[in-house]
Amino acid sequence: MRTYLVTGGAGFIGSNFVYYMFRKYGDDIRLINVDALTYAGNLENLKGVEDRKNYTFIKADIRNKETIEKIFAENDIDVVVHFAAESHVDRSIVNPEVFVETNVLGTAVMLNAAKAVWENEDGSFKEGKKFLHVSTDEVYGSLSDPKDYFYETTPYDPHSPYSASKASADFLVKAYVDTYHFPACITNCSNNYGPYQFPEKLIPLIINNALSGKKLPVYGDGKNVRDWLYVDDHCKGIDMVIEKGRIGEKYNIGGHNERENIQIVKTIIKTL
């Protein structure tokens, strides 16, 4: 039975991934969910799986080296799916240090813990092991032409402490691949939407405010274009990279669903 270690599995994308994997693989896998349960993590998201015999939740911070090493020592982990991250741009502007600590140092702890138990004496790695680092397209910055796309070869150009910390984590994973031939892949996704999303994000924020009769905040003139990716499609893409992705490669996952923010707001109002 393949064992997955999912970090940040009580968050928005992480919890959807947990459900996706159990829907697809059922009792053929074992899944360990590690989450610090900060503001974006919520065990209510996982009520539907908490009683499964092949599911384990561990409350832990990925920055805690001893705890993470203990989890690896006590479990034969085959695949790490690393979601855990501080991910809210506005919060990163107010408190950038936390983003560096979690997104960069936390990723280093995860990489070192996996490397310690997966590496053979000759420097090679055990067969079938993979570390998948889940990142964001915000590491690429902004497109000058909204009709263009980000590619895996697009130069990094982060503009916020959040995107800079994720870019740093991406480069750290790449360095482990290049230096140690560590079995890792990176995915960079566009804006996700769907169940369990934290209410600070645009779509749930507009829905909640509209239903409560509150003002609908729109950044600037609302003309910012984002590619919107349904979270279940993102989870499918992650699973595909786990199964078929080449070690050392990075993969962009998008929805080809570009919309101006104001279009999203108007669509929600019309729907409601």
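Trainee: Are helix 4 and helix 5 roughly parallel or oblique to each other?

Mentor: Helix 4, which covers residues 96–118, packs against helix 5 at an angle of about 20°, and their axes are 8 Å apart. Angles under 35 degrees count as roughly parallel, and helix 4 and helix 5 are therefore roughly parallel to each other.

Trainee: How many charged residues does the contact of helix 4 with helix 5 have?

Mentor: On the side of helix 4 the contact includes Phe99, Val104, Leu111 and Lys115, and these belong to a group that meets residues of helix 5, among them Tyr162, Lys166, Leu172 and Tyr176. Divided by class, the residues of this contact are 13 nonpolar and five polar, and the charged ones number two.

Trainee: Is Lys115 buried or exposed?

Mentor: Lys115 is part of helix 4, and, not counting residues up to four places away in sequence, Lys115 touches Phe125, Tyr176, Tyr180 and Phe182. Its relative accessibility is 16%, and because buried means under 20%, Lys115 counts as buried.

Trainee: Turning to another pair, are helix 6 and helix 8 roughly parallel or oblique to each other?

Mentor: Helix 6 (residues 202–211) and helix 8 (residues 261–271) have axes that lie 10 Å apart, and the helices pack at an angle of about 40°. Roughly parallel applies to angles under 35 degrees and roughly perpendicular to 65 to 115, so the relation between helix 6 and helix 8 is oblique.

Trainee: How many polar residues does the contact of helix 6 with helix 8 have?

Mentor: Helix 6 contributes Leu202, Ile203, Ile206 and Ile207 to this contact, while helix 8 contributes Asn261, Ile264, Val265 and Ile268. By class, the contact of helix 6 with helix 8 has no charged residues and seven nonpolar ones, and the number of polar residues is one.

Trainee: Which elements are included in what covers the buried residues of helix 6?

Mentor: The buried residues in helix 6 are Leu202, Ile203, Pro204, Ile206 and Asn209. What covers these buried residues includes strand 7 (191–193), strand 8 (225–230) and helix 8.

Trainee: Which residue's side chain makes a polar contact of 3.0 Å with the side chain of Asn188?

Mentor: Asn188 lies in strand 6, which spans residues 184–189, and at 1% relative accessibility Asn188 counts as buried. The side chain of Asn188 makes a polar contact of 3.4 Å with the side chain of Ser135. The polar contact of 3.0 Å, again between side chains, joins Asn188 to Lys250.

Trainee: What separates the C-alpha atoms of Tyr149 and Gly254?

Mentor: Along the chain, Tyr149 and Gly254 are 105 residues apart. In the predicted model, the separation of their C-alpha atoms is 9.5 Å.

Notes
Residues are numbered from 1 along each chain as its sequence is written. This is a predicted model: local features need pLDDT of at least 70, side-chain atom pairs count only at pLDDT 80 or more; totals for chains, interfaces and linings use all residues. Side-chain values use heavy atoms; hydrogens and water are left out. Axes are lines fitted to C-alpha atoms, for helices over the stretch in contact, and angles run from 0 to 180 degrees between N-to-C directions. Helices (H or I, at least four residues) and strands (E, at least two) are DSSP runs, numbered from the N terminus. Angles under 35 degrees count as roughly parallel, over 145 as roughly antiparallel, 65 to 115 as roughly perpendicular and the rest as oblique. Contact means heavy atoms within 4.5 Å. Ala, Val, Leu, Ile, Met, Phe, Trp, Tyr, Cys and Pro count as nonpolar, Asp, Glu, Lys and Arg as charged, and the others, Gly among them, as polar. Buried means under 20% relative accessible area, exposed over 50%, partly exposed in between (1.4 Å probe, protein chains only). A polar contact is a pair of N or O atoms within 3.5 Å; within protein, one must be able to donate a hydrogen and the other to accept it, and residues adjacent in sequence count only if both atoms are side-chain atoms.
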